[in-house]
Every structure is written in C-alpha cells, then in structure tokens.
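Student: I am new to this structure. Please help me read it.
Tutor: Gladly. Let us look at it together.

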Amino acid sequence: LKVASLLAYKLKQTQHLLRLCMDEALRSLNLTTPQYSVLAQLQLRPGISNAALARASFITAQTMHSIV
C-alpha cells in the first residue's frame with residue numbers, strides 16, 4: 001500500500017507539473033489547457049457529443065459549456 005500511495009502521489013505531482021508547463025506554453029496562443037484539450041479531442045473525434053467531449057477532455061459539463 002505504501003508503494004502504491006507513493007506512486008499515486010508522484011503521478012499526481014507529474015500531472016500538475018505538466019499542466020503548469022502546458023498553461024505557460026499555451027498562454028502565447030491565448031488558450032487554456034482545457035480549451036486545447038477540447039480542440040484536440042474535436043480533431044480526433046469529429047461529431048463527438050458534448051458529454052463525451054467533456055469526459056474525454058477531463059472537464060465538467062459546466063466547464064464545457066463555458067468553453068463552447
């Protein structure tokens with residue numbers, strides 16, 4: 001359990017650092033990471049439903065509504 005907890009912590013820490021780097025890189029394009037994620041999913045899956053798009057982009061339906 002201890003190793004699994006440490007691994008989960010390290011994965012979350014890595015995800016957080018990736019998000020910070022993405023936010024910084026996308027700032028010059030006036031995009032947020034969630035906006036980029038939505039655009040990337042739309043390119044991969046044209047015609048995807050709003051609910052599926054939100055799930056695939058790891059955002060809530062409410063956030064999806066504000067992005068669209």
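Student: What radius of gyration does the protein chain have, and what would a compact globule of 68 residues have?
Tutor: The radius of gyration is taken over C-alpha atoms, and the globule rule is 2.2 Å times the number of residues to the power 0.38. A compact globule of 68 residues would be near 11 Å, but the protein chain has 14 Å. Its C-alpha atoms fill a box of roughly 45 × 30 × 20 Å along the principal axes.

Tutor: A word on sources. This is a predicted model, where local features need pLDDT of at least 70, side-chain atom pairs count only at pLDDT 80 or more, and totals for chains, interfaces and linings use all residues. Residues are numbered from 1 along each chain as its sequence is written, and side-chain values use heavy atoms, leaving out hydrogens and water.

Student: How many helices and strands are there in the protein chain?
Tutor: Helices (H or I, at least four residues) and strands (E, at least two) are DSSP runs, numbered from the N terminus. Here there are four helices and zero strands.

Student: Which residues form the largest nonpolar core?
Tutor: In soluble globular proteins, nonpolar side chains tend to be buried together. A nonpolar core is a set of buried Ala, Val, Leu, Ile, Met, Phe, Trp, Tyr and Cys residues joined through side-chain atoms within 4.5 Å. Buried means under 20% relative accessible area, exposed over 50%, partly exposed in between (1.4 Å probe, protein chains only). The largest core has seven residues: Val 38, Ile 48, Ala 52, Leu 53, Ala 54, Ile 59 and Met 64. Helix H3 (residues 50-56) gives the most, with three residues.

Student: Is Gln 41 buried or exposed?
Tutor: Gln 41 is buried, at 16% relative accessible area. Its place is in helix H2 (residues 33-44).
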